[in-house]
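I opened this notebook to keep track of what I looked up, one topic per entry.

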Amino acid sequence: MKTFQEKLAYGEEGEKQVVEYLINKGRICMPMYQFNPKQAPVWKTPIGDITSPDIISIKGLNEMVFVECKKKH
């Protein structure tokens, strides 16, 4: 059975593949794994915290998408 750290590294590998794909499509990406691997980043809002998706990607000045990644075995 894999440890939590091994599973985390496996998931980050999948996220890096998605970031690379999006960049090759002309998008700008901010992957969340680059911040604190022990705690998910959150958006602070008037109604409470919202967990950030894995990747925030923009194209131009008027298009932003949130990307959630799942890498299967």
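A salt bridge, as I use the term here, is a side-chain nitrogen of Lys or Arg within 4 Å of a carboxyl oxygen of Asp or Glu. I note at the start that this is a predicted model.

Entry: salt bridges.

I looked up how many salt bridges the structure holds. The count is 3. Side chains of opposite charge can pair when their charged atoms come close.

I took K44 and D49 as one of the pairs, and their side chains meet at 3.0 Å, N to O. K44 is exposed, because its relative accessible area of 64% is over the 50% cut-off.

I then looked up R27, which forms a salt bridge with E63, with 2.8 Å between the closest N and O atoms. R27 sits in the loop between helix 1 and strand 1, while E63 belongs to strand 5, so this pair ties together parts that are 36 residues apart in sequence. Is R27 buried or exposed? R27 has 11% relative accessibility and so counts as buried. E63, at 36%, counts as partly exposed.

I also found E68 in a salt bridge with K70, where the closest N and O atoms are 3.1 Å apart. E68 is partly exposed with a relative accessible area of 47%, and K70 is exposed with 62%.

I looked up the strand order and found an open sheet of 3 strands, ordered 1-4-5, with antiparallel pairing. Strand 1 (28-31) and strand 5 (63-67) are the edge strands, and each pairs on one side only. On average, neighbouring strands of this sheet are turned by 20° against each other, direction ignored.

I went through the pairings next. Strand 1 and strand 4 are antiparallel and share 4 bridges. M30 stands opposite I56 in strand 4. Strand 4, residues 55-59, is also antiparallel to strand 5, with 5 bridges between them. Which residue of strand 5 is the bridge partner of I58? I found M64 there.

Entry: the hairpin.

I looked up strand 2 and strand 3, which form a hairpin with 2 residues between them. V42 stands opposite T51 in strand 3. Strand 3 itself covers residues 48-51.

Entry: a nonpolar patch.

Which residues form the nonpolar patch on the surface? I listed W43, I50, M64 and F66, which together have about 420 Å² of accessible area. I50 lies in strand 3 and counts as partly exposed at 43% relative accessibility.

Technical notes: Residues numbered from 1 in each chain as written. Predicted model: local features only at pLDDT ≥ 70, side-chain atom pairs only at ≥ 80, totals over all residues. Heavy atoms only, no water. Pairing = 2+ DSSP bridges. Axes fitted to C-alpha atoms, helices over the stretch in contact; angles between N-to-C directions. Patch = residues over 30% accessible without salt bridge, like charges linked within 9 Å, V, L, I, M, F, W, Y side chains within 5 Å. Areas by Shrake-Rupley, 256 points an atom, 1.4 Å probe, with all protein chains shown as cover. Buried < 20%, exposed > 50% of the residue type's maximum accessible area, 1.4 Å probe, protein only.
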